[in-house]
Amino acid sequence: WPKLIERFQQIFETKTRDEWGAIFYGTDACVAPVLSAEEAAANPHNVKRGTFAPTPGEPGQFEPAPAPKLSRTPGSAPRPAPKPAQHT
């Protein structure tokens, strides 16, 4: 295994993440890029599904929205983090 892992690493280091994404795009291979938190929040699919919600009190930051989205108990939007000792 160590030699195989090393060989895969050598191969994958020859291209960027986006180049590999283009190579595998449209194939039946189970391949997807690992996105940063900012990229995931801005991804059109995630935006359309409302997967991320703005973080209260932190402009430009996002956090996961409640999931699953249920019709009778839809969950609530993210709330500001409590201040130290606020609930004690």
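Thr-55 counts as buried because its relative accessibility is 13%, where buried means under 20% relative accessible area, exposed over 50% and partly exposed in between, with a 1.4 Å probe and protein chains only. The model is predicted, so to speak of local features a pLDDT of at least 70 is needed, side-chain atom pairs count only at pLDDT 80 or more, and totals for chains, interfaces and linings use all residues. Residues are numbered from 1 along each chain as its sequence is written, and side-chain values use heavy atoms, with hydrogens and water left out.

**Thr-55 and the strands**

Thr-55 sits in the loop between β1 (52–54) and β2 (62–64). Its side chain makes a polar contact of 3.1 Å with the side chain of Glu-63. A polar contact is a pair of N or O atoms within 3.5 Å; within protein, one must be able to donate a hydrogen and the other to accept it, and residues adjacent in sequence count only if both atoms are side-chain atoms. When neighbours within four places in sequence are left aside, Thr-55 is in contact with Gln-61, Phe-62 and Glu-63, contact meaning heavy atoms within 4.5 Å.

**Overall form**

The protein has 4 helices and 2 strands, arranged along the sequence as α-α-α-α-β-β. Helices (H or I, at least four residues) and strands (E, at least two) are DSSP runs, numbered from the N terminus. The radius of gyration of the protein is 19 Å, whereas a compact globule of 88 residues would have one near 12 Å; the radius is taken over C-alpha atoms, and the globule rule is 2.2 Å times the number of residues to the power 0.38. The C-alpha trace spans about 55 × 35 × 25 Å along its principal axes.

Of the 88 residues, 9% count as buried. Among contacts with a separation of 6 or more, 6% are between residues 24 or more positions apart. The accessible surface comes to about 8000 Å², and 61% of it belongs to carbon and sulfur atoms; these areas come from the Shrake-Rupley method with a 1.4 Å probe, and for residues only the protein chains shown count as cover.

There are 10 positive and 9 negative side chains, and the centres of the two sets lie 10 Å apart. Lys and Arg count as positive and Asp and Glu as negative, while His and the chain ends are not counted. The place of a charge is taken as NZ of Lys, CZ of Arg, CG of Asp or CD of Glu.

**Residues in the helices**

Gln-9 belongs to helix α1 (residues 2–12). Gln-9 and Pro-44 are 35 residues apart in sequence, and their C-alpha atoms are 30 Å apart in space.

Arg-17 lies in helix α2 (residues 17–24). Not counting residues up to four places away in sequence, Arg-17 touches Pro-33, Val-34, Leu-35, Ser-36 and Glu-39. The side chain of Arg-17 is also joined to that of Asp-18 by a polar contact of 3.3 Å.

Asn-46 is placed in helix α4 (residues 44–49). Beyond its neighbours within four places in sequence, Asn-46 is in contact with Ala-40, Thr-51 and Phe-52.

The relative accessible areas of residues discussed here are listed below.

| Residue | Relative accessible area | Class |
|---|---|---|
| Gln-9 | 45% | partly exposed |
| Arg-17 | 33% | partly exposed |
| Asn-46 | 16% | buried |
| Ala-85 | 59% | exposed |

**The segment after β2**

Pro-68 is found in the segment after β2. The peptide bond leading from Ala-67 to Pro-68 is cis, with omega near -5°. Ala-85 is found in the segment after β2. Its phi is near 70°, a positive value in a residue other than glycine.
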